[in-house]
Amino acid sequence: MSPLTRKAKVTEEFEFEKKKIKHRYDEVREATEKLTIPLEIEDFVIQAMENASPTKWHLAHTSWFFETFILDKAIEGFDSLHPQYSYIFNSYYVQTGDPHCRDKRGNLSRPTVKKVFEYRQYIDKKMHQFIDGLSEDAFDEWLPLIEVGLNHEQQHQELMLTDLKYMLGQNPLYPIYTETRRPEIESVEEIRWMEFEEGVYSVGHKGGEFGFDNEFPSHKTYIQNFKMADRLVTNGEFIEFIEDGGYQNPKWWLDEGFATIEKEEWEWPLYWVQRDGEWYHFTLSGLEKLDPNEPVCHVSYFEADAYARWAGCRLPTEQEWEVAAKQVPKEGHFVEGGHYHPAAVENDNNGLKQMFGDVWQWTQSSYSPYPGFKPFPGKLGEYNGKFMVNQYVLRGGSCATPKSHFRKTYRNFFHTDARWQFTGIRLAKDVNSE
């Protein structure tokens with residue numbers, strides 16, 4: 001091969017890589033906007049609680065992310081579409097500037113929804129121009145940040161759905177986001193217990209593909225013999241806990257948990273409703289009769305922990321969960337399935353089921369750094385590390401999680417009283433507990 005031919009081949013391969021990342025960029029951005037198709041214009045602005053942001057804000061914030069961490073840094077004198085967008089669409093990155101009050105995002109009728117979509121189009125155009133103009137060295141430098149931005153946007157796709165559900169769930173009309181059907185079964189089999197041997201295991205991200213900073217580094221950990229339930233806890237099983245007085249008996253609860261349910265007057269999971277002695281729950285398809293065979297969801301850490309104690313079990317550690325998940329194919333009810341709600345277990349194999357998708361599974365592990373943890377460089381260092389206190393780790397993804405975004409090493413985290421996410425329960429126990 002002549003030097004000219006070799007150079008042309010290298011150039012062709014480089015241009016192909018740029019086309020690939022632009023295609024992925026477009027896919028992710030289009031997927032975000034596709035989620036807004038069922039909405040009325042009034043739905044874009046409402047904020048029903050501090051933790052649930054308006055859809056309009058999510059659309060703008062994910063664009064702000066590309067502008068702030070890529071375009072504004074890489075392009076000298078970058079011309080922002082509006083000088084105050086950097087303030088109102090910042091979330092919590094105080095090193096980039098003072099963010100607008102989180103609990104007042106729903107007060108912003110302006111910029112309009114139309115203007116926010118124009119902002120997205122502006123950023124998309126600038127990102128395409130930016131990628132097209134990159135040299136090979138610059139491409140290698142900026143590609144990791146582009147990947148962070150895309151995975152950040154996929155996180156917000158999930159948040160858009162969960163935040164929308166919370167907003168719609170406050171409406172006594174129980175509005176329908178979109179009508180879907182989920183698989184139905186007559187009954188679920190009793191839980192089977194999968195046993196795992198004690199030993200030293202590697203957990204955490206090994207590299208080679210994208211991962212958030214909190215997934216690194218891969219490291220060794222010692223795990224005792226344990227058992228993991230082969231499926232998730234169902235609505236029907238959780239009803240047994242309720243009917244046994246589970247929410248009234250402090251025996252099963254952490255002290256802070258029992259104080260929380262008394263203060264908040266919780267009697268059952270979020271979105272559950274009792275009518276004429278029957279159970280219903282609000283879904284993104286509207287108010288539905290509760291299916292006892294579907295996984296229980298929208299429970300806090302406190303509720304998951306109390307149920308586990310009542311059942312004579314415990315929650316798994318995140319290390320146990322990851323070890324158990326290693327040999328399980330990454331299949332499940334993710335957002336691409338279009339159910340927008342966890343579905344009943346469909347197969348009767350002898351292994352672990354419902355490990356991925358459906359619901360984020362609470363673990364008993366506090367959210368803390370792995371040994372040797374290093375945050376993202378620069379101002380992106382605020383992404384995960386500063387939240388490593390007073391929260392618990394969840395694993396597995398949910399019915400609102402994009403499959404292409406999820407990894408077995410993915411560490412989600414929430415406060416102990418959080419319920420608006422699709423959070424559920426998988427049980428574990430010590431081998432010597434029987």
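# Briefing: helix packing, selected residues and cysteines

A search of the whole structure finds zero disulfides. The structure is a predicted model.

**Cysteines**

- Cysteine 297 takes part in no disulfide, and the nearest cysteine sulfur, which belongs to cysteine 399, lies 6.8 Å away. A disulfide requires cysteine sulfur atoms within 2.5 Å.
- Cysteine 297 counts as buried because its relative accessibility is 5%, the cut-off for buried being under 20%.
- Cysteine 101 has a relative accessibility of 38% and so counts as partly exposed.

**Packing of helices H2 and H5**

- Helix H2, residues 55-74, packs with helix H5, residues 136-169, at an angle of about 170°. The axes of H2 and H5 are 9 Å apart.
- This angle makes H2 roughly antiparallel to H5, since angles over 145 degrees are placed in that class.
- The residues in the contact of H2 with H5 comprise 15 nonpolar, seven polar and three charged.

**Packing of helices H6 and H8**

- Helix H6 (residues 235-243) meets helix H8 (residues 301-310) at an angle of about 80°, with an axis separation of 11 Å.
- H6 and H8 are therefore roughly perpendicular to each other.
- On H6, the contact is made by Glu237, Phe238, Glu240 and Phe241. On H8, the contributing residues are Glu303, Ala306, Tyr307 and Trp310.
- By class, five residues of this contact between H6 and H8 are nonpolar and three are charged, with no polar residues.

**Glycine 257**

- Glycine 257 is located in helix H7, which covers residues 255-264.
- The relative accessible area of glycine 257 is 0%, so this residue is buried.
- Although 46 residues separate glycine 257 from glutamate 303 in sequence, their C-alpha atoms are 7.7 Å apart in space. Glu303 also belongs to the contact of H6 with H8.

**Tyrosine 370**

- Tyrosine 370 lies in the loop between strand S10 (360-366) and strand S11 (392-395).
- With a relative accessible area of 6%, tyrosine 370 is buried.
- Not counting residues up to four places away in sequence, tyrosine 370 touches Gly204, Asn214, Glu215, Phe216, Pro217, His219, Glu318, Glu322, Arg395 and Arg411.
- The side chains of tyrosine 370 and arginine 395 are joined by a polar contact of 3.2 Å.
- Glutamate 17 is 353 residues from tyrosine 370 along the chain, and the C-alpha atoms of the two are separated by 33 Å.

How values were computed:
Residues are numbered from 1 along each chain as its sequence is written. This is a predicted model: local features need pLDDT of at least 70, side-chain atom pairs count only at pLDDT 80 or more; totals for chains, interfaces and linings use all residues. Side-chain values use heavy atoms; hydrogens and water are left out. Helices (H or I, at least four residues) and strands (E, at least two) are DSSP runs, numbered from the N terminus. Buried means under 20% relative accessible area, exposed over 50%, partly exposed in between (1.4 Å probe, protein chains only). Axes are lines fitted to C-alpha atoms, for helices over the stretch in contact, and angles run from 0 to 180 degrees between N-to-C directions. Angles under 35 degrees count as roughly parallel, over 145 as roughly antiparallel, 65 to 115 as roughly perpendicular and the rest as oblique. Ala, Val, Leu, Ile, Met, Phe, Trp, Tyr, Cys and Pro count as nonpolar, Asp, Glu, Lys and Arg as charged, and the others, Gly among them, as polar. Contact means heavy atoms within 4.5 Å. A polar contact is a pair of N or O atoms within 3.5 Å; within protein, one must be able to donate a hydrogen and the other to accept it, and residues adjacent in sequence count only if both atoms are side-chain atoms.
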